[in-house]
Amino acid sequence: MNVETAFDLKDKLLEDFKKFDEQLNGQSTSVFHGKRKSASEEFKLLSFPTKKHEEWKYTNIKAITEKNFDQNTSDLLLDSLSNSLNEKIDLAAYLPEGLDADVLVFINGEWSSSHSNVSHADGITVKSLAVAIAEDTDLINEHFGKYAKYNDNTFAAMNSSFAKDGLFLHVAKSQAIAKPILCLYLNDTSKGNQLSINRNLILVDENAQVQIIEGHYNLNDDNFSLTNNLTEVLVGKNAKIDHYKLQLENDKAYQYNFCQFVQQQSSTVHTNTVTLSGELVRNDLHFLLEGEHCDSFLNGIYLSDGTQLFDNHSLVDHAVPNCMSDEFYKGIMGGSSKGVFNGKILVREDAQKTNAFQSNKNVLVSDNASINTKPQLEIFADDVRCTHGATTGQMDDEALFYMQARGIGKETARKILLRSFIGEVMERMNSKPIVDYVNELIEAKIETL
Amino acid sequence: MIKIENLQASVDGKEILRGINLEVKAGEVHAIMGPNGSGKSTLASVLAGKEDYEVTGGSVNFDGKDLLDLEPEDRSREGVFLAFQYPIAIPGVSIANFIKTAVNEKRKYHGMEDVKATDFLKMIKEKMSLLEIDNKFLGRSLNEGFSGGEKKRNEILQMAMLEPKLSILDETDSGLDIDALKIVANGVNKLKSDKNASIVITHYQRLLDHIVPDFVHVLLDGKIVKSGDKNLALELEEKGYDWIKEEQKALA
Ligand SMILES: Nc1ncnc2c1ncn2[C@@H]1O[C@H](COP(=O)(O)OP(=O)(O)OP(=O)(O)O)[C@@H](O)[C@H]1O
Ligand SMILES: [Mg+2]
């Protein structure tokens, strides 16, 4: 007889879903929960990707799937009356200086109203998804789960089956949000290995404008954390979004992140992904350009050391003519860390006059660091302009010597070179407070490389 | 100021400098000429401290210090300046920031405070106007997309800002048009004093018309085989190097 004793995260999560489903009694017939149930069915059919999976060839997630994770509610979520410790997190560490934002705090995937601070303005709805499910049911039922596909995506199916909280943002027609929206996702692992599921829905109507910043952090390092973050963004006609994702978890943290933008006619999206810490980070960033004359800018910075693995997968789907996409990612890898970049550009048959640019540049600062970078162009239209390039190099010794010959110490010279390498991406970011904040973090990270 | 004795250096086991002897005193200008591949740039690089070259023998005394014992950055801070034959581009680092960093690193080494931003700006603008470099260059990335001549002028700008004791100009004239050559030479001459010195590496007399050398040396196969005054350069211009090579053969 062969007894299988190995722990299986998928089985454990299916068990969790069953319990979750049973607890819900009343809600269990809602449209929303129906969507969760379908996702759970899909999740059941899928398995966590191994290195045999083409899209996960260089990203081994065994360290994640071997572990048990629970969706614990943090004690920090108890409101101050019932919170015997009367403990509040000092958010100062997570707030970029000079950023006057509406702040939404999620701890272990649940909205913390006592830590959040949201102003109310006409035409703008900013709230926890959990609240929106009850209050904005029609909008949620119409849009939730419509844009991010979870078929053949185990993590997305997992996110969709447990989805219950996150950011809900609706900017009505022609509204421009004066204040940026800052979402802080904080993991508290004090009760055990933590699974934090965040699910965001962002609807930006015609002519509206918004700036969104997402920051990922760990509050402590008692245990491991697994963050599964999924964001759907519908960008209306002529709307503009300036989006930042700052991945700053600790070295006991794993993160899966899926962001799907759907752009309607003449809309513009700038998205900036900055990955500076976390033990394993996988990003799936997808764009669907379904209206003409859209602009999409995808900027990325990743600096890894130790045994970190940062994997950036992107897909820009040019479904209609006359759109422009520009992807620009740069990374520095030290220690025995690994980078993965896979940028897919899909230009469909109808998408004539597409301009698609992609560039990925890497510097390896240690002999044991590595990067697998692969552009993937699938072009079915004939009148298009696509350029792509990927480079990987070491520190430029000639440049180092040049600087030394001007009296600049070798270490300083190294830092200046690395900083200026990354600087080219920083220049593409619009928010001054975020640029300053990120620059400081990069500075500190470069010190360790 | 600098005394080079029997300096030998090789790269990848290949001997390139085969016993160089040269003394340069404060206030002097020395020209080094010689055919392609004779080792002129190698000598300059060895003096500046490039790691690729292994010093296999000899010594270099710079103002009482063992130059070969210093890191490249310390040689620069002590006052050795090399204007590169092929300056490197450094994208994302502006000229202004780069030079300011260099100036401050030198000041720090000598126990001085950082230069005041306003003083720095005033000084660099002054030097730029001396070298007829447009102010817009301040914000440009170092040598990125610069024309050959712009790169050379930028080297001299850095020299002017760092005020070295010994400057080594490696073919600073190459890539310069006639007007630019005069401007650069004029700049170099203005910086000249009885406290500093220059080694000018060149193939052409036209530079030496403007920067008049006190001594001219011929480098051949990694050795200085002939030295003379400025007339030696004129003679080389006229006759080339074959006669010196013949002389060397006869000696051997
Ligand atoms: N890093 C290196 N690796 C291998 N060979 C080298 C290296 N640097 C110089 N050499 C060789 O050493 C010799 C001298 O080169 P160097 O650049 O010093 O000549 P040069 O006198 O400056 O010539 P030019 O007038 O063309 O500038 C040449 O044969 C060159 O190929
Ligand atoms: Mg040379």
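Trainee: Which residue takes a positive phi just after helix 1 of chain B?

Mentor: G49(B), with a phi of about 100°. Helices here are DSSP runs of H or I with at least four residues, strands are runs of E with at least two, and both are numbered from the N terminus. This is a predicted model: local features need pLDDT of at least 70, side-chain atom pairs count only at 80 or more, and totals for chains, interfaces and linings use all residues. Residues are numbered from 1 along each chain as written, chains are lettered from A and ligands numbered from 1 in written order, and side-chain values use heavy atoms, without hydrogens and water.

Trainee: What makes helix 1 of chain B largely enclosed?

Mentor: Eight of the nine residues of helix 1 (residues 40-48) are buried, so the rest of the structure largely encloses this helix. Buried means under 20% relative accessible area, exposed over 50%, partly exposed in between (1.4 Å probe, protein chains only). The buried residues of helix 1 of chain B include K40(B), T42(B), L43(B) and A48(B).

Trainee: Why are helix 3 of chain B and helix 4 of chain B called roughly perpendicular?

Mentor: Helix 3 (residues 95-109) and helix 4 (residues 117-130) of chain B pack at about 115°, with axes 11 Å apart. Under 35 degrees counts as roughly parallel, over 145 as roughly antiparallel, 65 to 115 as roughly perpendicular, and the rest as oblique. The two helices of chain B are therefore roughly perpendicular to each other.

Trainee: Which residues make that contact?

Mentor: Helix 3 of chain B brings A96(B), I99(B), K100(B) and V103(B). Helix 4 of chain B brings A117(B), F120(B) and I124(B). Contact means heavy atoms within 4.5 Å.

Trainee: Now the sheets. What is the strand order in the six-strand sheet of chain B?

Mentor: The order is 6-9-10-3-11-12, in an open sheet with mixed pairing. Strands pair if DSSP finds at least two bridges between them.

Trainee: Why do strand 6 and strand 12 of chain B stand at the edges?

Mentor: Strand 6 (80-83) and strand 12 (223-228) each have a single partner strand, so one side of each lacks a neighbour in the sheet. Neighbouring strands of this sheet are turned by 20° against each other on average, direction ignored.

Trainee: How many bridges join strand 3 of chain B to strand 10 of chain B?

Mentor: Four bridges join strand 3 (residues 29-33) to strand 10 (residues 197-201), and the two run parallel. V29(B) stands opposite S198(B) in strand 10 of chain B. Helix 5 (residues 148-162) of chain B packs on this sheet and touches strand 6 and strand 9 (166-170).

Trainee: How many strands does the open sheet of chain A have?

Mentor: Nine, in the order 3-4-6-8-10-12-14-16-18, with mixed pairing. Strand 3 (124-128) and strand 18 (370-379) of chain A stand at the edges, each with a single partner strand. Neighbouring strands of this sheet are turned by 5° on average, direction ignored.

Trainee: In what sense do strand 8 and strand 10 of chain A pair?

Mentor: Strand 8 (residues 225-235) and strand 10 (residues 253-263) of chain A pair in the parallel sense, over 11 bridges. L230(A) has F258(A) as its bridge partner.

Trainee: How do you know that strand 12 of chain A is mostly covered?

Mentor: Nine of the 10 residues of strand 12 (residues 280-289) of chain A are buried. Strand 12 of chain A runs parallel to strand 10 of chain A, joined by 10 bridges. Strand 12 is also joined by 10 bridges to strand 14 (residues 309-318) of chain A, again parallel. N257(A) stands opposite N283(A) in strand 12 of chain A, and L280(A) has L309(A) as its bridge partner in strand 14 of chain A.

How values were computed: Axes are lines fitted to C-alpha atoms, for helices over the stretch in contact, and angles run from 0 to 180 degrees between N-to-C directions.
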